[in-house]
Amino acid sequence: MFNLRRGRRLAVTATPLAIGALLLSACSSGGSEDEGPDVDEGGTLTIANYQFLEPGRGDDLWEAVSGYATENDAVTMERSETPFAQYADKLNTELGAGGGPDVFVIQDAQFATLAEAGLLEPLDDVIEDADLNSTNDDLVVDGEQLGVTWEQVAYALLGNKNVMEQAGIDELPTTVDELIDAGEAVQQTGAAGLGIRHQMGEFDGWYLDFNAWPYGNGGSWSDGEELTIDSPENVAGVEQYQQVIDSGIVPVGDDASTFRTKFKENQLGFIIDNSGAALSFTSDGAITGTDIVSGPLPFDEPGQHQKIVLAVNANSDVKALAKDFVRWFVSEEGQEAIRPPLGASSLATDVPLTDEFSQEHPWAQTFIDVNPETKSTLIEGFETDTKTIMQSVMQAVEKVITQGADPADALEQAQQDASSN
Amino acid sequence: MVTTVSRSHATAPDTAPRRRRRWRNSFTAYLLIAPAVGYLVVLLLFPLFRGIQLSLTDTKLVNPAGGDFVGAENYTNLMSSGQFWNSLLATLIYTAATVVFAVLLGTAAAVFINRPFRGRAGIRAVMTFPYAMPTVAVALVYVWIYNQSGGVLNNSLGVLGIGQTGWLTDPQWGMFSVVLATVWKVFPFVMLVMLAALQSVPEELYEAAKIDGAGPMSTFRAIVLPHLAPTLRIVALLMTIWSIRRFEIIYLLTGGGPVERTNTLVINIYRRAFSDQDLGVAATIGVLGLVLSILVTLVFFGVERRESRKEAAA
């Protein structure tokens, strides 16, 4: 039976809660139309990039972007650094709350989300004179250029020449079966075989890296209109991934920073990674560029690329200054400054590798060669939902490699989960 | 009696000044509690209201002011989602296992270090050490210990001829590994509290038990345990609430995996809010987690009241 006194107490407690909840719905925030002080007046410009934390390369990148201050001596440049694992979450939270850095780099999946939320400043007026290449085309949203390519990084197979020599391997494997054989040969020397991400704790990096396997088998996650997660090509990719994990050549439990360090320390034979990571191996001098050999991914079809986008905060207090930085970045001077630390990536304009860099880093040419053929990690037609869909996919892959689930069944389940969300 | 009446008559003309004085006293009192009330409003009630409000909307992380009211849709969707129930189950398993093992180990350790022996101060300091360590450092150390290919645990087991185990990657072992690391981190708290409680047991009771010929187990059951019971209950409550809302060590060890086995409510909130960028659903899970904590607290107070009645009756 309903107790009147208790009911009254409940009402007394619940009423302020309800009133408070309703009052809070009045809270709001929005973007600003104000461009801030003129470029000549200067100001403090904050630039956020997780790559600034990379040993060796981070400082080179900062030095390159700081070149803008030589052109505009009224500007004070500040770097904002957050590790990759927390970078997107932190930036989304800051931007959503109306704050955040003035200029930042973002993965293309995050770009789509931020563009849809109206948090990116249009850059059309500052890129007019730039000779942008086609990598920038998909950064136009509703007729407005909301970002420019910071770098487009492709994936390739890398080998540690010192480890390979010790195992008696002359050439990089070109198929998955050869890769397993080579990995096993390396293991005989005491080093580990192949470094790849394989744990949910690294979801943000894992789903980007994993695309190599289904894409390499001719798969994709959608046909532009419908999700195609459980397509035969994708199943074949997961089966090959499982085959490699089951072969024992992958040091299971090693996260990316651990297996990358092992590669640099001559304790790992092979690695499937992007050109940015490849350059960071040589940045602190543990191994040199000539200790690394590179080749296309060991699949029949091309793999993926990660596009990293440079964008301006629509809520920045120094919007004019931030946009002027982008103008400088896509100019010949800016692109030449950023070319060396971005190594073998495709940039916003077709600025070539220097001869000096190519000689120091012979592995870089593979990335330049494969880049035009690679596919985006964004899911076509579902761009803003890419991460959510990939959560379902990677949970399926995790079931396959840890529980021995059937790849076809697991991807079918992922297809159902992703479609119902 | 007469005196009282005359005094009341004498003070009657002073009603206004008395009222002013009373008002001034009340005002001072309100002024003194204002900072505490302000603190609670800003840091407790505001987030609570905001959480409840968000749970009734489809708010996204990148547009926190742009969510539309969706009523109870988030709640009904969650209730019909298998993932939510799995997450709740993971929370209950993690909480129960952590509380039981931490309380048992902490109490046993307290009883052990309560006895006089050589080097006791040093042992006490060493046993308190895990609690003083930052959680992030503990998680990183355990990641290395548990590493499947080169971790201390598998290498040690390898020496004994036992094969490699995926402590953090095998769904069979994920929860066990996380609970083990958590218990190692938190049991010193239980130990310290129980040690304080043990030291409040009067020495005469031990002597009386000894004279009566009671052995160590009977002494513990008849003398020590009744003294420890109220402290045990409050420690268990605190450990339960802390376990329900624990994040860092679980996230750093497994990120909610393998295969969702350690995807507790708090990890689920983080994933929904940041990976899916769905603040509305994340807030809904938060509200349901709050309900779970309130239920646990109500059960605790129910048990506490029953025990008080028992003691009063005795």
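**Exercise 1. The make-up of chain B**

What pattern does chain B follow when read along the sequence? State also how many helices and strands there are in chain B.

*Solution.* The model under study is a predicted one.
Step 1. Read along the sequence, chain B follows α-α-α-α-α-α-α-α-α-α-α-α-α.
Step 2. The count for chain B is 13 helices and 0 strands.
Step 3. Turning to overall dimensions, the C-alpha trace of chain B spans about 95 × 75 × 35 Å along its principal axes.
Step 4. The radius of gyration of chain B is 27 Å, whereas a compact globule of 314 residues would have a value near 20 Å.

**Exercise 2. Two packed helices of chain B**

Describe how helix H8 (residues 174-198) and helix H10 (residues 216-244) of chain B pack.

*Solution.* Two packed helices are described by the angle between their axes and the distance between the axes.
Step 1. The axes of H8(B) and H10(B) come within 9 Å and cross at roughly 150°.
Step 2. Angles over 145 degrees count as roughly antiparallel, and H8(B) is therefore roughly antiparallel to H10(B).
Step 3. The crossing in which H8(B) passes H10(B) is right-handed.
Step 4. From H8(B), the contact is made by Val190(B), Val193(B), Met194(B), Ala197(B) and Leu198(B). From H10(B) come Val224(B), His227(B), Leu228(B), Thr231(B), Val235(B) and Met239(B).
Step 5. Sorted by class, the residues of this contact of H8(B) with H10(B) are 9 nonpolar, 2 polar and no charged.

**Exercise 3. The two domains of chain A**

State which residues form each domain of chain A, and describe the side of domain 1 that touches domain 2.

*Solution.*
Step 1. The domain assignment gives chain A a domain 1 (41-152 + 307-360) and a domain 2 (155-305 + 373-420).
Step 2. Between the C-alpha centres of domain 1 and domain 2 of chain A there are 27 Å.
Step 3. In chain A, 19 residues of domain 1 are in contact with 17 residues of domain 2.
Step 4. On the domain 1 side, helix H4 (84-96), helix H5 (108-116) and strand S6 (148-160) of chain A each supply at least two residues. The largest share of this side, 5 residues, comes from H5(A).
Step 5. By class, the side of domain 1 of chain A that touches domain 2 of chain A holds 7 nonpolar, 5 polar and 7 charged residues.

**Exercise 4. From the interface to a helix pair**

Which helix gives the most to the side of chain A that touches chain B? Describe then how this helix packs with helix H18 (residues 407-420) of chain A.

*Solution.*
Step 1. Contact between the chains involves 35 residues of chain A and 31 residues of chain B.
Step 2. Helix H1 (4-24), H4, H5 and helix H17 (386-403) of chain A each supply at least two residues of the chain A side. H17(A) gives the most, with 8 residues.
Step 3. The classes on the side of chain A that touches chain B are 14 nonpolar, 16 polar and 5 charged residues.
Step 4. H17(A) and H18(A) pack at an angle of about 155°, and their axes are 9 Å apart. The two helices, H17(A) and H18(A), are therefore roughly antiparallel to each other.
Step 5. H17(A) and H18(A) have a right-handed crossing.
Step 6. Residues making the contact include Ile389(A), Val393(A) and Ala396(A) of H17(A) and Leu411(A), Ala414(A) and Ala418(A) of H18(A). By class, the contact of H17(A) with H18(A) has 9 nonpolar, 3 polar and 2 charged residues.

Note on methods:
Residues are numbered from 1 along each chain as its sequence is written. Chains are lettered from A and ligands numbered from 1 in the order in which they are written. This is a predicted model: local features need pLDDT of at least 70, side-chain atom pairs count only at pLDDT 80 or more; totals for chains, interfaces and linings use all residues. Domain bounds come from an automatic or database domain assignment. Two residues are in contact if their C-beta atoms, placed from the backbone, lie within 7 Å. Helices (H or I, at least four residues) and strands (E, at least two) are DSSP runs, numbered from the N terminus. Ala, Val, Leu, Ile, Met, Phe, Trp, Tyr, Cys and Pro count as nonpolar, Asp, Glu, Lys and Arg as charged, and the others, Gly among them, as polar. Axes are lines fitted to C-alpha atoms, for helices over the stretch in contact, and angles run from 0 to 180 degrees between N-to-C directions. Angles under 35 degrees count as roughly parallel, over 145 as roughly antiparallel, 65 to 115 as roughly perpendicular and the rest as oblique. A crossing is left-handed if the near helix is turned anticlockwise from the far one by less than a right angle, and right-handed if clockwise. The radius of gyration is taken over C-alpha atoms; the globule rule is 2.2 Å times the number of residues to the power 0.38.
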